[in-house]
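Visitor: I have a structure open and want to go through it with you. Can you take my questions as they come?
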Amino acid sequence: MPKDERWEKPLYQTEAVNDEGLNGHAYVPNGIKVETSNPLNSRPGTNPEQLLGMSLATCLEATLQAIERENGLPHTAEVHVEVAFIGDRAEYQFLVHAKILIKGVDFETADKLAQEAENRCPVSKLLKSSGNYTAETVTSFD
């Protein structure tokens, strides 16, 4: 299968490796190394659910920060992401739900900015097609 030609001129490219399985380590060559573990046991380490949640939260937050700047607003956005592991053997899935709070603007404006961020954030765009991703604008995290 030929490689997608968009790989020829990336703005940034990285590689992540896990050669030990769920209970081991994942790393970026010459970069970060994290201990991994199964979320269903008490061993130390992070798991795919946490990594996915942090990836989406970081991408949405950075996108919101850019959108706020473009609109002359102070950066007040905050993103919380919940990830659930569901299913049975060979049918496992993740459910991902993002909550977006933007202080200092009315709800309608916050919702508009949040929707723009969802449409611009590469991780959000990737997850949207799964059918297991939702996001909402909130007025608090209570």
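Predicted model: local features only at pLDDT ≥ 70, side-chain atom pairs only at ≥ 80, totals over all residues.

Visitor: Where is G31?
Guide: G31 is in the loop between β1 (24–27) and β2 (33–36). Strands (E, at least two residues) and helices (H or I, at least four) are DSSP runs, numbered from the N terminus.

Visitor: And N30, buried or exposed?
Guide: N30 is exposed, with a relative accessible area of 88%. N30 also sits in the loop between β1 and β2. Its phi is near 60 degrees, which is a positive value in a residue other than glycine.

Visitor: What about phi of A90?
Guide: Phi of A90 is near 65 degrees, again positive in a residue other than glycine. A90 lies in the loop between β3 and β4 and counts as exposed at 70% relative accessibility.

Visitor: Stepping back, how many helices and strands are in the chain?
Guide: The chain has three helices and five strands. From the N terminus on, the order is β-β-α-β-β-α-α-β. Of the 142 residues, 28% count as buried.

Visitor: Which residues have the most contacts inside the largest nonpolar core?
Guide: They are L56, L60, L64, I100, I102, L127 and Y133, in a core of 21 residues. A nonpolar core here is a set of buried Ala, Val, Leu, Ile, Met, Phe, Trp, Tyr and Cys residues joined through side-chain atoms within 4.5 Å.

Visitor: Which elements supply that core?
Guide: At least two residues each come from α1 (48–70), β3 (77–86), β4 (93–102), α2 (107–120) and α3 (122–128). α1 gives the most, with seven residues.

Visitor: What does L60 touch?
Guide: Not counting residues up to four places away in sequence, L60 touches V79, A98, I100, A117, E118, C121, S124 and Y133. Contact means heavy atoms within 4.5 Å.

Visitor: At what angle do α1 and α2 pack?
Guide: The angle is about 125 degrees, and the axes are 9 Å apart. That makes α1 oblique to α2. Axes are lines fitted to C-alpha atoms, for helices over the stretch in contact, and angles run from 0 to 180 degrees between N-to-C directions. Under 35 degrees counts as roughly parallel, over 145 as roughly antiparallel, 65 to 115 as roughly perpendicular and the rest as oblique.

Visitor: Which residues meet there?
Guide: L60, T63, L64, A66, I67 and E70 in α1 meet L113, A114, E116, A117, E118 and R120 in α2. The residues of this contact divide into seven nonpolar, one polar and four charged. Ala, Val, Leu, Ile, Met, Phe, Trp, Tyr, Cys and Pro count as nonpolar, Asp, Glu, Lys and Arg as charged, and the others, Gly among them, as polar.

Visitor: Last one. Where does E136 lie?
Guide: E136 lies in strand β5 (residues 133–138) and counts as partly exposed at 35% relative accessibility.

Visitor: What is E136 in contact with?
Guide: Leaving aside neighbours within four places in sequence, E136 is in contact with H97, A98, K99 and I100.

Definitions and conventions
Residues numbered from 1 in each chain as written. Heavy atoms only, no water. Buried < 20%, exposed > 50% of the residue type's maximum accessible area, 1.4 Å probe, protein only.
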